[in-house]
Amino acid sequence: MKLEILTKHENRDIQNGIISKIRDLINYKNLEPGDKLPAERVLSEKFGVSRSNVREAIQKLEFYGILNSKPQSGTFIANIGQIAMNGMIDDILSLEEQDFKSLVETRILLELKTVKLAAIRRTEEDLERLKQAFNAYKTKMIAGDDCLEEDLLFHLAIASASKNSTMNTLMLLITPEIIVAYDQDRVCDGDVALAEVKKHEDIYMAIKDQNPQLAKEKMKLHFSKLYDYIYGKDRKIKIGKG
């Protein structure tokens, strides 16, 4: 799935409207995990929007784990309870730009804990996923290419390696918005690009070595630039010691 589906601002109102209607449909029909949604064409006609708009909204809900699309079979509700689903959709719909600082603070608190858990709990499979994401990020960053999706996948791989499904879900909700908003205002090339690659590599190596405290310290260093971005270099807020 392309990252722009999560962050395309001009389509956000349309997407949110469709997502709200899909939620209402699920609730009204009392659909349960495993039940099938109507076809895109049917939803398009019912909601009065294009099929591409419906497809993007479904892909967004699929990304967040609320729906599952199966080729030639259709779209199904994921294995998630109705209360949890409604709460997750409310969170998706409430992600607005004016909450950016709150999202950043939440992400930092989450990921400082998540990276420690990842260092303790990661499997060889997790490590391979992290390595692939890091290498893809490194290649594009050094080349000066857009590496938003690779950066996102690296951080989401850390969340997955933590083996904490709640933290993983929260990271899925807030990380795409933060990375895109932050990236719109920065240019990374030359020594800056190499420095960013090194920070990611240090995090990866700490997780590989199963050193949770070092992993946290390297993640904290990685986030210092993000804190500068939202609070200024004279910030008084410090990243917690927990």
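In the predicted model, confidence across the chain is lowest in helix α1 (residues 4-7), with a mean pLDDT of 46, and highest in helix α3 (residues 40-47), where the mean is 95. Residues 1-7 have pLDDT below 50, and this stretch makes 24 contacts in the model beyond near neighbours in sequence. Values under 50 also extend over residues 236-241, for which 12 contacts beyond four places in sequence are present. For the chain, the mean pLDDT is 83, and 81% of the residues reach 70 or more.

The chain contains 11 helices and two strands, arranged along the sequence as α-α-α-α-β-β-α-α-α-α-α-α-α. Among contacts with a separation of 6 or more, 74% involve residues 24 or more positions apart. Of the 242 residues, 45% count as buried. The accessible surface amounts to about 12500 Å², and carbon and sulfur atoms contribute 50% of this area.

Helix α8 (residues 148-161) comprises 14 residues and spans 20 Å between its first and last C-alpha atoms, close to the 20 Å expected at 1.5 Å a residue. Because 11 of its 14 residues are buried, α8 is largely enclosed by the rest of the structure. The buried set includes Leu148, Leu152, Phe154, Leu156 and Ile158, together with the alanines Ala157, Ala159 and Ala161. Glu150, Asp151 and His155 are likewise buried in α8. The helix is followed by Lys163, which has a positive phi near 60°.

How values were computed
Residues numbered from 1 in each chain as written. Predicted model: local features only at pLDDT ≥ 70, side-chain atom pairs only at ≥ 80, totals over all residues. Heavy atoms only, no water. Helix = DSSP H or I, 4+ residues; strand = E, 2+ residues; numbered from the N terminus. Buried < 20%, exposed > 50% of the residue type's maximum accessible area, 1.4 Å probe, protein only. Contact = heavy atoms within 4.5 Å. Areas by Shrake-Rupley, 256 points an atom, 1.4 Å probe, with all protein chains shown as cover. pLDDT = per-residue confidence, 0-100. Expected span 1.5 Å × (residues − 1).
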